[in-house]
Amino acid sequence: MEKQILDQIVEGYIPTMDEALMMMESDCIPLNELIHTANVVTKKYCGSQVKMCAIYAAKVGKCSGDCAFCAQSAHHNCDVHIVKIEDICPDNIVEHAMKLQKYGVERFSLVTSGERLSDLEFEYILQIYQRLHNETGIGLCASLGSLDKQRAQALVECGVTRYHHNIETAPSFFPQICSTHSYADKLETIHIARAAGMEICSGGILSMGETPQQRIEMAYALRELNVDCVPINILNPISGTRLEHQSLLSADQILRTIAMFRLIMPDKILCFAGGRQNAMGKEEYAGYEAGINALIAGDFLTTRGKDLKEELSNLITLGCMKG
């Protein structure tokens, strides 16, 4: 029965939620068989090359949101270096984007803390995007919190083609992660960005205490939203946050979840994002066999990433990128 489902999936069948839940159980389908199927599906729909994107923290800290995982929340007591938008240098950002391009990074995003930027902050960000659009050829994304129609249209006019806004977790688990805004608020911004003509980048964080069923629920929620790119983060328990003592999933559980995301969303970009190094160790690169076909290269928001040369070298060695 299990082998039959995997064969059907390779031929284009999307598993039902009950079937997906069954496949999440380790005693139903061996992990190696699930990973093999996910790898076949990835190559069939997406090819074998891994894409790279990068982010730049344009505003850090003092966020009014109370998201349980976030070191930038004003509700937590974390040692975070505060960055104000007015203190960032547009020349440095443009130069950084050009350097990323030379390493094969295809997309670049400014990321800001807080649920909504002030008008002055947003205008400054628009000026930087206009320069990036005029002076580089890199694809532009944005992650600026909640949007209205006017702001979404302004971003499009400055060359931004993709908007990032994570749903964070399953709808049923969201209230346990955040109380200052709702899951419905997340969806509103996603729909506004889509209506303005932008692609949507939206995913979440694994290992926050959610059940296997809720991880599957998140995958189907993202499938229903028809997002273009799904960032998969793994919790990095940071001292001072509500989840600082949260136990992490095993590497096998993470790989099984990634594979299920691929089988539920066969033609989407699954992007390895924050926390992968800390949570997976040497098993990190097995994620590319399990369905990952993109990654955030370089540094993250409040944590350091891998050296870009090292990351690129590893991907070339794996055959995920051309030398």
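This is a predicted model: local features need pLDDT of at least 70, side-chain atom pairs count only at pLDDT 80 or more; totals for chains, interfaces and linings use all residues.
Colleague: What is the N to O distance between R131 and D91?

Modeller: The side chains of R131 and D91 come together in a salt bridge at 2.6 Å, N to O. This pair connects distant parts of the chain, with R131 in helix 5 (residues 119–135) and D91 in helix 4 (residues 90–102), 40 residues apart.

Colleague: What about E199, which partner does it meet in a salt bridge?

Modeller: The partner of E199 is R107, and their side chains meet at 3.9 Å, N to O. Because E199 belongs to strand 5 (residues 199–201) and R107 to strand 2 (residues 107–112), the pair ties together parts that are 92 residues apart in sequence. E199 is partly exposed, with a relative accessibility of 29%, whereas R107 is buried, its relative accessible area being 17%.

Colleague: Switching to R151, which residue does it form a salt bridge with?

Modeller: R151 forms a salt bridge with D119, and the closest N and O atoms are 2.9 Å apart. Here too the pair links distant parts of the chain, since R151 is in helix 6 (residues 149–157) and D119 in helix 5, 32 residues apart. R151 counts as buried at 6% relative accessibility, while D119 is exposed, with a relative accessible area of 58%.

Colleague: Which ring does the charged end of R151 sit over?

Modeller: The charged end of R151 sits over the ring of F122, 4.6 Å from the centre of that ring.

Colleague: How many aromatic pairs does the structure hold?

Modeller: The structure holds three aromatic pairs. One of them is formed by F272 and Y288, which are arranged edge-to-face, with 5.8 Å from centre to centre and 90 degrees between the planes. That pair also links distant parts of the chain, F272 being in strand 8 (residues 269–272) and Y288 in helix 12 (residues 287–290), 16 residues apart. Both F272 and Y288 are buried, and together with Y285 they form one aromatic cluster.

Colleague: What does the side chain of R276 make a polar contact with?

Modeller: The side chain of R276 makes a polar contact with the side chain of E284, at 2.8 Å. R276 is in helix 11 (residues 276–280), and with a relative accessibility of 1% it counts as buried.

Colleague: Changing topic, what is the phi of E168?

Modeller: E168 has a positive phi of about 75 degrees although it is not a glycine. I mention it because most residues other than glycine have a negative phi. E168 lies in the loop between strand 4 (160–164) and helix 7 (174–177), and at 9% relative accessibility it counts as buried.

Colleague: And S207, where is that one found?

Modeller: S207 is found in the loop between strand 6 (204–206) and helix 9 (212–225). Its phi is also positive, near 80 degrees, and S207 counts as buried, at 2% relative accessibility.

Colleague: Last one: how far apart are H36 and G291 in space?

Modeller: H36 and G291 are 9.3 Å apart, C-alpha to C-alpha, although 255 residues separate them in sequence. H36 has its place in helix 3 (residues 31–46) and counts as exposed, at 54% relative accessibility.

Conventions:
Residues are numbered from 1 along each chain as its sequence is written. Side-chain values use heavy atoms; hydrogens and water are left out. Rings of Phe, Tyr and Trp (its six-membered ring) pair if their centres lie within 6.5 Å; planes under 30 degrees apart count as stacked, over 60 as edge-to-face and the rest as tilted. Helices (H or I, at least four residues) and strands (E, at least two) are DSSP runs, numbered from the N terminus. Buried means under 20% relative accessible area, exposed over 50%, partly exposed in between (1.4 Å probe, protein chains only). A charge sits over a ring if NZ of Lys or CZ of Arg is within 6 Å of the ring centre and within 35 degrees of the ring normal. A polar contact is a pair of N or O atoms within 3.5 Å; within protein, one must be able to donate a hydrogen and the other to accept it, and residues adjacent in sequence count only if both atoms are side-chain atoms. A salt bridge is a side-chain nitrogen of Lys or Arg within 4 Å of a carboxyl oxygen of Asp or Glu.
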